Amino acid sequence: RLWSIAGAVPWVGPNVSAVSTTVEVIDDVAQGVLEPMVAAAESLDYSSLGPVDGRIDVAPLAEVEPSVSAAATEFIAAQESMADIDTNDLVEQIAGPVEEIQEYLEELAPTVQTGARAARLLPAMLGAHEPRSYLVLFQNTAEMRATGGIAGAFAIIGADDGQLAIVHQGTASDVGLYFDEPVLDLDPGKESIYTQRLGRFFTGINLSP
């Protein structure tokens, strides 16, 4: 309460509030972010995350997801609190350390967010809840396209409870180089630029960026 009262005092207030917020953020990040993230990392046996007989055990990732996601949420709140501090209103002795913490959080953000995203998405992507199928297109520069080149070959990857397999692979000619009608409804704007090739020609599906 005394910190709140002092924070309302002109000139002195912003400096007191900045110190108070920074102390709270450091404590929150240490206990609510770093501790659970480190615990999650230590709980994972990274040698077991590699594929064994074509299968990746997704259970360890699923187990750490709740704590990692909660840590990421806490981190976002802490970073926003620090970002709200305007160091232009602070004396040099306080502005310097505050800016260091702001920079530290900015550097730490990609690691925290990537870890949370991986823990949240990888189990589902690897078929932990239901089988998944992925289409992989292989491009070459025989003709230029928005994504880099013409889609001349493809593979379908199946994922079921961590088991990965190539279900099918082939070339554009295997599925038919073109169709009489678009296989899906086309956006009128894109059709006006790229014609119906987007939906009729296998090698034209990536004409549009």
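I take two strands as paired if DSSP finds at least two bridges between them. I keep in mind that the model is predicted.

**Sheet.** I looked up β2 (residues 150-160) and β3 first. I found 8 bridges joining β2 to β3, and the two strands run antiparallel. For one bridge I noted the residues: Ala-155 has Gln-169, in β3, as its partner. I then listed the whole sheet, which is open, has 3 strands in the order β1-β2-β3 and is paired antiparallel. β1 and β3 (163-171) are the edge strands, each pairing on one side only. From one strand to the next I have an average twist of 25°.

**Helix α3.** I looked up residues 59-83 next. This helix has 25 residues and spans 36 Å from first C-alpha to last, close to the 36 Å expected at 1.5 Å a residue. I noted a bend of about 45° at Glu-65, with a proline, Pro-66, following within four residues. For burial in α3 I wrote down Pro-60, Leu-61, Val-64, Val-68, Ser-69, Ala-71, Ala-72, Phe-75, Ala-78 and Met-82 as buried. As a reminder to myself, an α-helix has 3.6 residues a turn, so residues three or four places apart point the same way.

**Confidence.** I checked pLDDT last. The chain averages 87, and 94% of the residues score at least 70. Strand β1 (residues 132-140) has the highest confidence, at a mean of 94, and helix α1 (residues 2-7) the lowest, at 46. Over residues 5-10 I found pLDDT under 50 throughout, and the model has 9 contacts beyond four places in sequence for them.

Technical notes. Residues numbered from 1 in each chain as written. Predicted model: local features only at pLDDT ≥ 70, side-chain atom pairs only at ≥ 80, totals over all residues. Heavy atoms only, no water. Expected span 1.5 Å × (residues − 1). Bend = angle between axes of the 7 residues up to and from the residue. Buried < 20%, exposed > 50% of the residue type's maximum accessible area, 1.4 Å probe, protein only. pLDDT = per-residue confidence, 0-100. Contact = heavy atoms within 4.5 Å. Axes fitted to C-alpha atoms, helices over the stretch in contact; angles between N-to-C directions.
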